[in-house]
Amino acid sequence: MPDVDKSKTGGEEQKDFSVGVPQANQGFFLKGSAHLPWGIKNRLSRIFNPKTGRTLMLAFDHGYMMGPTSGLERMDLSIPPLLEYVDCLMCSRGGLRTCISPEVNKPVVMRCSTGATVLKELSNEIIGVTAEDAVAINASALTTQVCIGAPYEKETLANLAYCINEGNRLGLPTLGVTAVGKEMVRDARYLGLACRVIAELGAHFVKTYYCDKGFDTVVAGTPVPVVIAGGKKLPEPDALKMAYNAIQQGAAGVDMGRNIFCADHPAAMAQAVRAIVHENATAKKAYDMYLALQNKKKK
Ligand code: R5P
């Protein structure tokens with residue numbers, strides 16, 4: 001039986017209910033996310049920094065369809081030195097288990113789709129990692145890609161719907177990725193269509209590519225947070241400019257791979273991108289920072 005809660009003087013209970021102080025109705029910091037369940041919000045709050053509303057995700061899931069691509073030949077060597085600078089990891093189940101220590105306490109966005117490689121039709125994917133597998137590995141979100149306009153468009157949408165349905169059941173948010181086939185034009189019209197479809201299916205956040213014209217309309221037309229992929233390796237100043245432009249036009253962060261781990265100085269690049277994402281650094285300031293950090297390393 002619990003102790004009786006009485007003050008020793010007079011035997012009356014001393015409790016403070018702050019009667020008259022209304023309980024605040026708490027909002028939520030992410031776009032389109034106010035009505036989500038607590039568990040999904042909690043996981044999103046690990047991926048996105050509640051102070052800035054943004055995230056720097058490190059994508060290194062490329063091997064699931066590209067094999068040992070440049071920069072990821074030895075994930076055990078190239079990825080761990082970058083972890084302290086990023087907010088979140090996007091990777092495959094095998095990449096995580098073999099190359100990242102379980103002591104690393106960063107949220108993981110788990111690549112769930114599989115079934116295609118660069119040697120074949122990339123849109124012909126299935127789900128290979130179940131939501132339960134993702135929970136077992138302590139993932140904070142599920143992810144799969146959709147290939148709008150590709151031969152297996154419908155199947156990739158079904159994969160996304162699976163992640164969203166199962167994730168909702170288990171409290172895991174889903175990141176929908178817009179994969180753009182070689183034959184597609186990466187313009188605001190196409191990316192806006194893909195992002196909108198993904199959000200309307202119920203994805204909790206969307207990854208897409210940056211486009212020079214009209215990226216702000218892609219963001220505005222997508223009712224959940226949008227993060228950009230880096231795409232092919234660019235010279236460092238150009239990659240930083242792209243990240244800066246995307247953030248200025250409303251992106252809630254970047255999920256960058258090759259432009260970080262293939263940079264001449266990956267750790268310096270991760271810190272420079274971080275300054276853009278979380279400190280509103282200009283592209284020039286971030287590049288100056290990159291140069292300073294790389295020079296410091298040389299000394
Ligand atoms: C492709 O395999 C994945 O979806 C990547 O996570 C994505 O393309 C982001 O990586 P990157 O910045 O290298 O394009």
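User: At what angle do H9 and helix H12 pack, and how far apart are their axes?

Analyst: An axis is a line fitted to C-alpha atoms, for helices over the stretch in contact, and angles run from 0 to 180 degrees between N-to-C directions. Here H9 and H12 (residues 283–298) pack at about 140°, with their axes 9 Å apart. That makes H9 and H12 oblique to each other; angles under 35 degrees count as roughly parallel, over 145 as roughly antiparallel, 65 to 115 as roughly perpendicular and the rest as oblique. This is a predicted model, where local features need pLDDT of at least 70, side-chain atom pairs count only at pLDDT 80 or more, and totals for chains, interfaces and linings use all residues. Residues are numbered from 1 along each chain as its sequence is written.

User: Which residues in H9 and H12 meet?

Analyst: Two residues are in contact if their C-beta atoms, placed from the backbone, lie within 7 Å. From H9 come Glu 236, Pro 237, Leu 240, Lys 241 and Tyr 244, and they meet Ala 283, Ala 286, Tyr 287 and Tyr 290 in H12. By class, that contact has seven nonpolar, no polar and two charged residues. Ala, Val, Leu, Ile, Met, Phe, Trp, Tyr, Cys and Pro count as nonpolar, Asp, Glu, Lys and Arg as charged, and the others, Gly among them, as polar.

User: How do the axes of H9 and H11 cross?

Analyst: Helices (H or I, at least four residues) and strands (E, at least two) are DSSP runs, numbered from the N terminus. The axes of H9 (residues 236–248) and H11 (residues 266–279) come within 9 Å and cross at roughly 25°, so H9 is roughly parallel to H11. Among the residues that meet there are Leu 240 and Tyr 244 in H9, and Ala 272 and Ile 276 in H11.

User: Now the strands! In what order do they close into a barrel?

Analyst: Strands of a sheet pair through backbone hydrogen bonds, either parallel or antiparallel. Two strands pair if DSSP finds at least two bridges between them. In this model, eight strands close into a barrel in the order S1-S2-S3-S6-S7-S8-S9-S10, with parallel pairing. Neighbouring strands of this sheet are turned by 25° against each other on average, direction ignored. Take S1 (residues 55–59) and S2 (residues 88–91): three bridges join them, and Leu 58 has Leu 89 as its bridge partner in S2.

User: Which residues come nearest to the ligand?

Analyst: A residue is near a molecule if its C-beta atom, placed from the backbone, lies within 6 Å of it. Of the 13 residues around the ligand, Ala 59, Ala 229, Gly 230, Gly 257 and Arg 258 come nearest. The shell divides into five nonpolar, five polar and three charged residues.
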